[in-house]
Structures are given as structure tokens and as C-alpha cells.
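Subject: Structure handover and notes

Hi,

Here is the structure for you to look over. My notes follow below it.

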Amino acid sequence: MRIDGKTRLLCLIGDPVEHSLSPMMHNLSFEELGLNYVYMAFRVTKERLETVVEGFRAIGVKGFNVTTPLKRDIVVFLDKLDPRAAKIGVVNTVLNDHGEFIGFNTDGVGVVKALEDRDLKLDGLSIVLLGAGSAGRAIAYALSEIPCRLTILNRTAEKAKSLAEELSDGLAEVSWKQLTIDSLTECVPRADILINATSVGMKPKDAETPVPKRLLRKELIVFDIVYNPLETRLLKEAREVGATTLDGLEMLLHQGIEAFKIWFNLEPPVGLLKKAIEEVRRRRLGCR
Ligand code: ATR
């Protein structure tokens with residue numbers, strides 16, 4: 001990578017960011033496509049967010065990604081939101097459009113694209129989504145644009161209910177329930193796809209799983225967006241019963257591809273990115 005006087009900056013802000021794979025992915029794309037940009041990761045706390053965004057305006061960054069814990073807080077510092085991000089209330093990608101900072105959310109689309117990338121046609125399928133937090137909302141909105149049957153289960157029933165109500169005008173047939181062992185027992189055995197967008201199973205609570213193994217079966221497709229650990233207990237048990245599994249790196253890859261398209265109006269080198277992510281997966285699972 002050659003940095004010169006014309007190199008422009010893109011970055012990730014959040015806390016923590018040290019282990020993010022976004023710099024690797026986007027810099028690989030810049031190099032491959034000969035784009036004079038560099039992507040860095042900066043640890044930014046909530047208290048500094050406003051100052052940081054002002055700084056980005058001053059130096060004219062091309063755009064940036066936003067991760068935990070800033071995805072909701074960023075909204076008030078932007079000039080405009082893409083309609084979907086406005087509804088979700090959560091932003092993970094910002095484009096500097098000639099000085100106007102526009103917020104987008106590519107997390108949900110990332111999940112849908114990752115599923116479609118497995119040659120899955122989601123129309124008519126029954127999808128159970130666990131979680132109605134930031135990630136759950138983004139995924140639910142993306143799924144609501146597909147004529148599928150979506151059931152949202154969340155520990156706090158009120159959040160599942162209001163999210164389902166928000167989605168009533170979409171193409172999906174949406175229902176909701178409180179996330180309990182009874183609702184899991186009722187919904188999971190009938191589902192084609194199970195998506196975990198709760199934090200259950202994430203380190204340091206990686207001994208936990210949101211769904212008992214006895215409810216999993218070979219025909220189920222299980223997507224866990226948690227990526228620390230990469231193979232959660234849920235995914236391990238899904239693999240053991242012969243189910244198809246998708247992990248957090250799949251979402252990371254596809255949300256990154258969508259962000260790249262927003263910034264550059266260009267297709268990134270998807271094959272190359274997939275190879276790089278596969279290499280990361282191999283290394284991480286190798287040292288389980
Ligand atoms: P994120 O940005 O990762 O989506 P979030 O917005 O805090 O984080 O959402 C976390 C999700 O995990 C929520 O759906 C949360 O359920 P509540 O809405 O009831 O808080 C879910 N979650 C966290 N811990 C959980 C647990 N022990 N059991 C079930 N769900 C849990």
C-alpha cells in the first residue's frame with residue numbers, strides 16, 4: 001500500500017476495535033482495485049464521539065463504520081439517514097457525500113446476503129429470529145422486505161412486540177413471542193432458519209446457548225451473528241446434529257461488502273475477500 005498526499009481516509013470507530021477485521025478487508029479491496037484510500041480503526045468512547053465526528057468533517061474522511069457501543073449514539077451527529085437506518089435507529093456505515101454525513105445500516109442486509117450467498121431462496125421460508133436489540137432490529141427490517149414468515153423472539157416481550165408492529169407493512173408475515181423455553185420449543189422445530197441476534201453465547205458467557213440442542217435438527221439452517229467465539233455453543237451443537245451453520249464472519253463479510261458499495265458505488269473484489277475471511281476462519285477454528 002502506498003500512502004501519498006492524496007490518500008483519503010475511511011475508518012471504524014467503536015470500543016473495542018483492536019480485533020476488527022474491517023481494516024484488513026477494506027484495505028485489501030483498495031489495493032486490489034487501485035483505490036487511493038486507507039482504512040484504519042480508532043477506539044472511540046461515547047464521550048468523545050461528537051468531537052471525533054467534527055474532526056472527521058474537518059479532515060474530510062470519505063466515510064466510516066460505527067460499531068458497539070456507538071451505533072445508536074452516532075445518529076444525532078449525522079446530517080441525514082437513509083430511510084431504512086432511520087427506521088431501525090441504528091447506523092453502522094456513514095458516507096461523506098460532499099460534506100453531508102449520511103447514515104446507513106448494512107448489518108441486516110449483510111445477514112440476508114450471507115444467506116442468499118448459500119443459494120438459499122428465502123421466499124416462503126419460516127425464519128425464527130432471536131433478539132430485538134440493535135442487531136435484531138436491523139436483521140428484522142431486512143427480512144421484512146422478503147415474503148417470508150418471520151417470528152421474532154425476545155427476552156423482553158415488549159421489544160419483540162413493538163418491532164413486529166413496526167414491520168406490519170412489509171412483505172414478510174411477522175409474529176412475535178417472548179423468548180422462553182416454551183416459545184423456543186414451539187417455534188424452532190417448525191423453522192427453516194434460526195438466527196441468533198442475542199448476545200447469549202458470547203464470551204465470557206460462551207458456555208451458554210440460547211437454544212437447547214434437542215430442538216436443533218439436520219434440516220435447520222443456523223446463523224449465529226456472535227463472532228467471539230466464532231464457533232458458539234449454538235453453532236457447535238448445530239454442527240453436531242448435521243445442521244447447516246453460518247457464523248459471525250459471514251455477516252461481517254457481507255455488511256462490509258454493502259458498506260463498500262455505499263462508499264464507492266463499486267463492487268469490491270468479493271472472491272478475494274471471501275478467501276481472506278476463510279483464511280481467518282481456518283486459523284481461528286484451528287486454535288479452538
Ligand atoms: P446488540 O447491539 O448486540 O444487538 P443489544 O441492542 O444490547 O445489543 O441487544 C442485545 C440482545 O440480546 C437483546 O435482544 C437482549 O434481550 P433484551 O431485549 O431482553 O435485553 C438479548 N439478550 C441479552 N442477554 C440475554 C439473555 N441472557 N437471554 C436472552 N436474551 C438476551
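A polar contact here is a pair of N or O atoms within 3.5 Å; within protein, one must be able to donate a hydrogen and the other to accept it, and residues adjacent in sequence count only if both atoms are side-chain atoms. Some ground rules next. This is a predicted model, where local features need pLDDT of at least 70, side-chain atom pairs count only at pLDDT 80 or more, and totals for chains, interfaces and linings use all residues. Residues are numbered from 1 along each chain as its sequence is written, and side-chain values use heavy atoms, with hydrogens and water left out.

**Ligand site**

Start with the backbone. Ser199 has a backbone N or O atom 3.3 Å from an oxygen atom of the ligand. For Ala135 the corresponding distance to a ligand oxygen is 2.9 Å, again from a backbone N or O atom. Gly133 also places a backbone N or O atom by a ligand oxygen, at 3.5 Å. Taken alone, the ligand exposes 640 Å², and the protein buries 68% of that. Those areas come from the Shrake-Rupley method with a 1.4 Å probe; for residues, only the protein chains shown count as cover.

The residues around the ligand are Gly131, Ala132, Gly133, Ser134, Ala135, Asn154, Arg155, Thr156, Lys159, Thr198, Ser199 and Val200. They divide into three nonpolar, seven polar and two charged. The classes are these: Ala, Val, Leu, Ile, Met, Phe, Trp, Tyr, Cys and Pro are nonpolar, Asp, Glu, Lys and Arg are charged, and the others, Gly among them, are polar.

**Cysteines**

The whole structure has zero disulfides, a disulfide being a pair of cysteine sulfur atoms within 2.5 Å. Cys148 is in none, and its nearest cysteine sulfur, that of Cys187, is 14 Å away. Cys187 is likewise in no disulfide, with the sulfur of Cys148 as its nearest, at 14 Å. For burial I use relative accessible area: buried is under 20%, exposed is over 50%, and partly exposed is in between (1.4 Å probe, protein chains only). Cys148 is buried at 2%. Cys187 is buried at 10%.

**Salt bridges**

The search finds 25 salt bridges across the whole structure. The cut-off is a side-chain nitrogen of Lys or Arg within 4 Å of a carboxyl oxygen of Asp or Glu. In general, side chains of opposite charge can pair when their charged atoms come close.

- Arg2 with Asp4: the closest N and O atoms are 3.2 Å apart. Arg2 is exposed at 66%, and Asp4 is partly exposed at 31%.
- Glu219 with Arg217: N to O is 3.7 Å. Glu219 is exposed at 53%, while Arg217 is partly exposed at 24%.
- Glu237 with Arg233: the closest N and O atoms are 2.8 Å apart. Glu237 is buried at 10%, and Arg233 is partly exposed at 35%.

Why are Glu237 and Arg233 separated by about one helical turn? Because they are four residues apart in helix α8 (residues 233-240). Helices (H or I, at least four residues) and strands (E, at least two) are DSSP runs, numbered from the N terminus. Elsewhere, salt bridges with shared partners join Arg118, Asp247, Glu250, Glu278 and Arg281 into one network.

**A buried asparagine**

Asn27 sits in helix α1 (residues 22-33). Its relative accessible area is 14%, so Asn27 counts as buried. The side chain of Asn27 reaches the backbone nitrogen of Tyr39 at 2.9 Å.

**Backbone geometry**

Most residues other than glycine have a negative phi, and most peptide bonds are trans. Please look at these exceptions.

- Thr68 and Pro69 are joined by a cis peptide bond, with omega about 0°. Pro69 is in the loop between β3 (63-66) and β4 (80-81).
- Asn228 and Pro229 are also joined by a cis peptide bond, with omega about 10°. Pro229 is in the loop between β11 (221-224) and α8.
- His98 is not a glycine, yet has a positive phi of about 50°. His98 lies in the loop between β5 (93-97) and β6 (100-104) and is exposed at 82%.
- Asn265, also not a glycine, has a positive phi of about 55°. Asn265 lies in the loop between α9 (248-264) and α10 (270-286) and is exposed at 73%.

Best regards

Technical notes. Near = heavy atom within 4 Å.
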